[in-house]
Structures are given as structure tokens and as C-alpha cells.
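Dear colleague,

Please find below the structure that I am handing over to you, with its sequence. My findings on helix packing and on the spaces in the protein follow it.

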Amino acid sequence: MAEAVTQTDLQGALRLVARGKVRDLYEIDENTLLFVATDRISAYDVIMENGIPNKGKLLTLCTAAWFHILQSAVKDLRTHFITLDLPAQIPEAQRAVLQDRSMQVRKYKIFPIEAIVRGYITGSAWAEYQKSGTVHGIKVAPNLQESQAFPDGPIYTPSTKAEQGEHDENIHPDQAAKIIGKDYAKRIAKLAISLYQAAHAYAYNRGLIIADTKFEFGLDEATDEIVLVDEVLTPDSSRFWLREKYVLGRGQDSFDKQYLRDWLTRNGLKGKPGVRMDEEVAQKTAEKYKEAWQMITGGL
């Protein structure tokens with residue numbers, strides 16, 4: 001198994017802006033950032049001590065492919081993506097490690113919400129529905145079964161964006177409107193639903209069901225346009241199911257971190273810091289990421 005890249009150090013070539021759970025962000029110039037996807041992996045909001053080899057490359061290549069797919073499907077969609085090419089400032093010794101796990105992106109003002117779209121009732125949405133018949137406080141159709149598609153189509157269910165180590169909070173769309181303003185909230189909800197529908201149709205034809213996903217958006221303050229940012233439609237930000245194994249009325253196996261989460265729970269390690277995955281868990285998780293990437297992109 002290849003060695004995982006869990007930390008980057010550009011040795012002063014670019015200024016480090018932030019380190020997230022997965023990505024390291026560097027400033028190229030006042031208008032441009034370098035997003036570097038490491039092989040770090042988190043579960044239950046805790047970063048594991050070791051990473052998943054090549055995960056960052058798969059996330060980056062998958063995101064770049066989705067930007068292209070979505071721009072072909074959704075009229076006038078703007079994204080922050082510029083290129084997978086590395087900027088000239090990157091030292092030669094670093095280029096092989098960073099290529100294909102890095103993308104240059106335009107810098108925008110980021111809206112402080114996660115734009116989650118759910119096409120199927122599962123996970124935290126299913127848990128809430130069983131208690132109250134609602135999802136993020138939204139009343140939905142009665143008598144739904146677990147993993148069922150919402151009968152009236154996908155729903156927009158935003159959440160707050162928590163600081164690292166904290167939990168995002170599921171909120172009603174009305175609360176999102178209070179945070180970012182009614183006009184932007186309405187535009188983001190409409191765009192997020194359109195993006196989900198386009199992505200779901202594309203993936204479904206390739207044997208995958210996108211049960212739910214989260215988008216992040218920025219604002220081009222010069223033009224007042226909403227811009228799709230961050231990573232999109234990867235196993236880190238989405239719940240993918242195999243279409244051929246989909247069975248209504250129960251939970252489904254996902255192409256995300258579920259294998260890791262299950263291992264942590266079984267071993268009493270859920271939410272605990274300083275955990276190192278064993279080799280089998282890292283390998284199985286890597287295989288899930290690769291399989292999803294190959295189904296979406298054809299492995300190109």
C-alpha cells in the first residue's frame with residue numbers, strides 16, 4: 001500500500017491560509033487559492049492518525065470531473081475551479097506529490113451554511129423523521145420507509161458550518177435565510193436542487209444512487225452571482241449507494257466512510273482522538289473511494 005500524504009509543507013513557497021480536516025489551503029495571490037487535498041480522513045469529527053493513500057488525488061480528480069459534468073448540465077453555472085496545473089511557485093521537489101491532489105481556485109466570499117440536498121430518507125433525516133415526521137423541521141410525506149426517495153422530489157435541508165472539531169447543526173431553510181438573507185437563501189436552494197438532480201441522473205446511469213450530498217457556495221461580490229465552491233459530489237461530501245443493491249426499507253451500504261465508522265463503533269473508539277486505523281480498515285476504505293471514483297469518471 002502506498003504511503004499516505006497527511007501533511008503538506010510548501011516551505012514558504014506559498015502562504016498557508018488554513019488546514020481543514022482534509023484540505024490544506026494556500027494563497028497564490030490575492031484572488032487565487034491552491035486547494036491541496038491530503039489523504040487525511042476524519043470520522044465523527046475526529047481526524048485519524050494515519051491516512052488513506054491516494055484519497056486526496058481521487059477527491060480532487062472526482063471534483064474536477066463533476067465541475068465539468070455539472071457545467072454541461074446546469075445553465076450558466078459558475079464554479080471556483082481554474083486548473084489542476086500547479087502554480088509556478090511550487091518547488092520542483094514538491095510537484096510530484098502535489099500533482100492531481102491540488103487545484104487552483106478563485107477566491108470568493110463563502111456563505112456560512114452547508115447546502116445539503118436529500119433525495120432519499122436516510123441517516124440523521126431518517127432518525128428525525130421516525131420521531132417527529134419531519135426532516136430539518138420540514139414536514140414531509142407520511143408513512144415513508146427507510147431509504148425511500150422523497151415522493152415530491154429532493155429536498156433542501158441546510159446546516160450550519162461548524163468549526164473544526166465541532167458538529168454541524170441541521171437547520172430549517174427559514175433559519176438559513178436568517179443567516180445569509182432571504183434572496184441568497186432562495187437562490188442557493190434552487191441551485192442546489194438543480195445540481196443534485198443533474199448529478200443524480202448522471203450517476204444513476206452509471207450504477208450509483210446519490211442519496212444525499214452537500215454543496216458549498218461563494219459569492220462573486222462584483223457580479224452578485226452565486227458560485228459553486230469547495231469539493232463536490234465525492235464520497236466525503238455525499239452518500240453513494242450501488243443501484244443494483246438498493247433495497248427499500250433498510251439502510252444501504254455506502255461508498256463513504258461507513259466502513260471506518262463501523263470499525264470505530266465496534267471497537268469503542270467513536271469520537272476518540274489519537275486513533276490509528278489498522279491496515280485492513282485503511283485498505284477497505286481506500287477501495288471504496290476508488291470504486292466510487294471509477295464508476296463516476298470511468299477511471300480516467
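Helix α4 passes helix α5 in a right-handed crossing. Please note that this comes from a predicted model. Helix α4 covers residues 173–180, and its axis lies 7 Å from that of α5, at an angle of about 130°. The two helices are therefore oblique to each other. On the α4 side the contact is made by Ala176, Ala177 and Ile180, and on the α5 side by Lys182, Tyr184, Ala185 and Ile188. Sorted by class, the contact of α4 with α5 comprises 6 nonpolar residues, no polar ones and 1 charged residue.

Helix α5, which spans residues 182–204, also packs against α1, with the axes 10 Å apart and an angle of about 110°. An angle from 65 to 115 degrees counts as roughly perpendicular, and α1 and α5 are therefore described in that way. Here too the handedness can be given: α1 passes α5 in a right-handed crossing. Helix α1 contributes Trp66, Ile69, Leu70 and Ala73 to this contact, while α5 contributes Leu195, Ala198, Ala199, Tyr202 and Ala203. The contact of α1 with α5 has 9 nonpolar residues, with no polar and no charged ones.

Helix α1 has a further partner in helix α7, which is formed by residues 279–297; their axes come within 10 Å and cross at roughly 20°. That makes α1 roughly parallel to α7. The crossing of these two helices, α1 and α7, is left-handed. From α1, the residues Lys55, Leu58, Leu59, Leu61, Cys62, Ala65 and Trp66 meet Tyr289, Lys290, Trp293, Ile296 and Thr297 of α7. By class, the contact of α1 with α7 divides into 9 nonpolar, 1 polar and 2 charged residues. You will notice that Trp66 is listed in the contact with α5 and again in the contact with α7.

How many cavities of 30 Å³ or more does the count give? The count comes to 1 cavity, and the volume of the largest cavity is about 60 Å³. Its lining consists of Arg23, Phe35, Val36, Ala37, Leu59, Thr60, Thr63, Arg101, Met103 and Glu231. Two elements, β3 (32–37) and α1 (55–73), each supply at least two residues of this lining. Classified by type, the lining of the largest cavity has 5 nonpolar, 2 polar and 3 charged residues.

The open space is described next. The largest pocket has a volume of about 1900 Å³. Which residues lie nearest the centre of the largest pocket? They are Lys21, Asp45, Glu114, Asp168 and Lys214, out of 50 residues that line it. Strand β14, residues 208–220, gives the most to this lining, with 4 residues. The residues lining the largest pocket divide into 14 nonpolar, 13 polar and 23 charged.

With kind regards

Terms used
Residues are numbered from 1 along each chain as its sequence is written. This is a predicted model: local features need pLDDT of at least 70, side-chain atom pairs count only at pLDDT 80 or more; totals for chains, interfaces and linings use all residues. Side-chain values use heavy atoms; hydrogens and water are left out. On a 1 Å grid over the protein atoms alone, a cavity is a set of points where a 1.4 Å probe fits but cannot get out, and a pocket is an open set with protein on both sides within 12 Å along at least five of seven lines; lining residues have an atom within 4 Å of a point. Grid points are joined across faces, edges and corners, and a volume is the space filled by probe spheres set on the points. Ala, Val, Leu, Ile, Met, Phe, Trp, Tyr, Cys and Pro count as nonpolar, Asp, Glu, Lys and Arg as charged, and the others, Gly among them, as polar. Axes are lines fitted to C-alpha atoms, for helices over the stretch in contact, and angles run from 0 to 180 degrees between N-to-C directions. Angles under 35 degrees count as roughly parallel, over 145 as roughly antiparallel, 65 to 115 as roughly perpendicular and the rest as oblique. A crossing is left-handed if the near helix is turned anticlockwise from the far one by less than a right angle, and right-handed if clockwise. Contact means heavy atoms within 4.5 Å.
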